[in-house]
Amino acid sequence: MTATAGGPGSWSENILEYFLRNNHITTEDGAEIIWYHAANHKAQVNEALKSPAHMIEADVLLPSDGSEYSQPIMAHPPETNSDNTLQEWLTEVIKSNKGIKLDFKSLAAVEPSMMLLENVKRHLQRPVWINADILPGPNGNSRVVDAKPFIDTVTSFFPDVTFSLGWTTGWHPEKVNEGYSWTMVKEMEYICKDLNLPVTFPVRAALVRQSCSQLLWLLKKSNRYSLTIWTGKNDNYSIEDLLCIRDHFDKKQVFYDILEPQNHEFQQAIGVKVNL
């Protein structure tokens, strides 16, 4: 039986509603959601599945051999090989009830990955987020994934999915880092306004405080929109930056996929008791 769009068990079900319904969180607060980031290699997947994480994030690309019959694999650039294929990854993850987020760094990996997802769709009655950086952002110099073919390919397979659509970014410790500009958020809204699907915008924690006005404007454009705060390994940002986000945005519209030790400090500062 196929779940109705946005309804219980659908890929576009709001993750707060899904985990509340399953008694894994206690309130509609994005800070209660625990993430496991970069669960790519088999050892990391096993760890993620045993962990208290609600959402498992992983990266999909085609291997470097470039063969016509290449299977999508789980790796984050600059890695180009892995001990894990997407097919093997899905086989393990569908045994759990965790939500999933798949991050695509290239368009080439999208269609073969959607075919594999289609094969297991009946076993995936939970939120599924599909992510790509589709626009250049602050200090961004990575290649973007072309927005229209990415969105069209995903929706041609799955008209009911949650998109995670971001900007390429950079962060430099020695200089003033500009935030997300009005041009950047308006361009994103132009792409997303007619999608009629939930969209979360992954934004870099170290760049959010200087972009509050722009991001507030973007979220107010639709109740389908949310933010997912993420952090670079060497980024310099403070708990106060995260608390500033917490104070200005609706708690139901912001998720925090941030690294330790800041994640623990943030949870303590806001008094969120995570269900372990």
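**Close-up 1. Pairing of strands β2 and β4 in the predicted model.** In this predicted model, strand β4 (residues 99–104) and β2 are joined by six bridges and pair in the parallel sense. Within this pairing, I100 of β4 is the residue that stands opposite I56.

Close-up 2. Strand β1 (residues 35–36) runs parallel to β2 and is joined to it by two bridges, with Y36 placed opposite I56 of β2. Together with helix α2 (residues 42–50), the strands β1 and β2 make up a β-α-β unit that is right-handed. Strand β3 (residues 73–74), by contrast, runs antiparallel to β2, again through two bridges, and here I73 of β3 stands opposite L61.

**Close-up 3. Burial of the side chains of β2.** Seven of the seven residues of strand β2 (residues 55–61) are buried, so the strand is largely enclosed by the rest of the structure. The residues M55, E57, D59 and L61 point one way from β2, whereas I56, A58 and V60 point the other way, and all of them are buried.

**Close-up 4. Helix α9 and the elements around it.** In helix α9 (residues 239–248), the buried residues are I239, D241, L242, C244, I245 and R246.

Close-up 5. When its neighbours within four places in sequence are left aside, L243 is in contact with F266, A269 and I270. G271 lies 28 residues from L243 in sequence, and the two are 12 Å apart in space, C-alpha to C-alpha.

Close-up 6. N177 has its place in the loop that lies between β6 (162–168) and α6 (182–192). Its relative accessible area is 10%, so N177 is buried. A polar atom of the N177 side chain lies 2.8 Å from the backbone oxygen of H172. Leaving aside neighbours within four places in sequence, the residues in contact with N177 are N139, G170, W171, H172, L207 and Q210.

Notes: Residues are numbered from 1 along each chain as its sequence is written. This is a predicted model: local features need pLDDT of at least 70, side-chain atom pairs count only at pLDDT 80 or more; totals for chains, interfaces and linings use all residues. Side-chain values use heavy atoms; hydrogens and water are left out. Buried means under 20% relative accessible area, exposed over 50%, partly exposed in between (1.4 Å probe, protein chains only). Helices (H or I, at least four residues) and strands (E, at least two) are DSSP runs, numbered from the N terminus. Two strands pair if DSSP finds at least two bridges between them. A crossover is right-handed if, with the strands pointing away from the viewer, the path from the first strand over the helix to the second runs clockwise. Contact means heavy atoms within 4.5 Å. A polar contact is a pair of N or O atoms within 3.5 Å; within protein, one must be able to donate a hydrogen and the other to accept it, and residues adjacent in sequence count only if both atoms are side-chain atoms.
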